[in-house]
Amino acid sequence: MTSPLPPSAEALLRALATDGGEVSLPRLCKRLDVRMSALLRLLAALGEAPVGDAAPLGYVSVRAEGERQLARITGLGRAWLARSPHL
């Protein structure tokens with residue numbers, strides 16, 4: 001059984017999987033209709049770095065390209081979506 005994610009987290013993973021590559025953070029904000037601060041919190045929670053005492057989920061990766069920040073779904077994120085009952 002997979003752990004449930006908040007709907008916005010699942011929407012983020014689906015948006016990244018649908019795009020198939022890297023997506024700029026402002027574009028993700030528009031696509032998901034969320035503020036940048038909310039997106040950054042989601043990316044931190046789903047990302048590859050630990051948050052507090054919690055182990056990282058590793059579902060998304062964010063990298064900087066100059067001034068731009070780009071997000072992509074990882075293999076772990078794709079695996080979670082494949083097991084998701086909401087398909």
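What share of the 87 residues of the protein count as buried? In this model, which is predicted, the figure is 34%. The accessible surface of the protein comes to about 5,500 Å², and carbon and sulfur atoms account for 56% of that area. Among contacts between residues at least 6 apart in sequence, 46% join residues that are at least 24 apart.

The strands form an open sheet in the order β1-β3-β2, with antiparallel pairing, and the edge strands are β1 (23-24) and β2, each of which pairs on one side only. Strands of a sheet pair through backbone hydrogen bonds, in either a parallel or an antiparallel sense.

Between β1 and β3 the antiparallel pairing extends over 2 bridges, and here Val23 has Ala71 in β3 as its bridge partner.

Leaving aside residues up to four places away in sequence, Ser61 touches Glu48, Leu70, Ala71, Arg72 and Thr74. With Glu48 there is also a polar contact, in which the two side chains are joined at 3.4 Å.

The packing of nonpolar side chains comes next. The largest nonpolar core has 19 residues, and the members that touch the most others are Leu12, Leu13, Leu16, Leu28, Leu39, Leu43 and Leu46. At least two residues of this core come from each of α1, α2 (25-32), α3, β3 and α4, and α1 gives the most, with 5 residues.

Helix α1 (residues 7-19) is also the place of a polar residue, Glu10. Is Glu10 buried or exposed? With a relative accessibility of 10%, Glu10 counts as buried, and its side chain makes a polar contact of 2.8 Å with the side chain of Arg14.

Finally, how many aromatic pairs does a search of the whole structure find? The search finds 1. The ring centres of Tyr59 and Trp80 lie 6.4 Å apart and their planes meet at 40°, so the pair is tilted, an angle that falls between the limits of 30 degrees for stacked and 60 for edge-to-face rings. This pair links distant parts of the chain, since Tyr59 lies in the loop between α3 (36-46) and β2 (60-65), whereas Trp80 belongs to helix α4 (residues 75-83), and the two are 21 residues apart. Both Tyr59 and Trp80 are buried.

Conventions. Residues are numbered from 1 along each chain as its sequence is written. This is a predicted model: local features need pLDDT of at least 70, side-chain atom pairs count only at pLDDT 80 or more; totals for chains, interfaces and linings use all residues. Side-chain values use heavy atoms; hydrogens and water are left out. Rings of Phe, Tyr and Trp (its six-membered ring) pair if their centres lie within 6.5 Å; planes under 30 degrees apart count as stacked, over 60 as edge-to-face and the rest as tilted. Helices (H or I, at least four residues) and strands (E, at least two) are DSSP runs, numbered from the N terminus. Buried means under 20% relative accessible area, exposed over 50%, partly exposed in between (1.4 Å probe, protein chains only). A polar contact is a pair of N or O atoms within 3.5 Å; within protein, one must be able to donate a hydrogen and the other to accept it, and residues adjacent in sequence count only if both atoms are side-chain atoms. Two strands pair if DSSP finds at least two bridges between them. A nonpolar core is a set of buried Ala, Val, Leu, Ile, Met, Phe, Trp, Tyr and Cys residues joined through side-chain atoms within 4.5 Å. Contact means heavy atoms within 4.5 Å. Accessible areas come from the Shrake-Rupley method with a 1.4 Å probe; for residues, only the protein chains shown count as cover.
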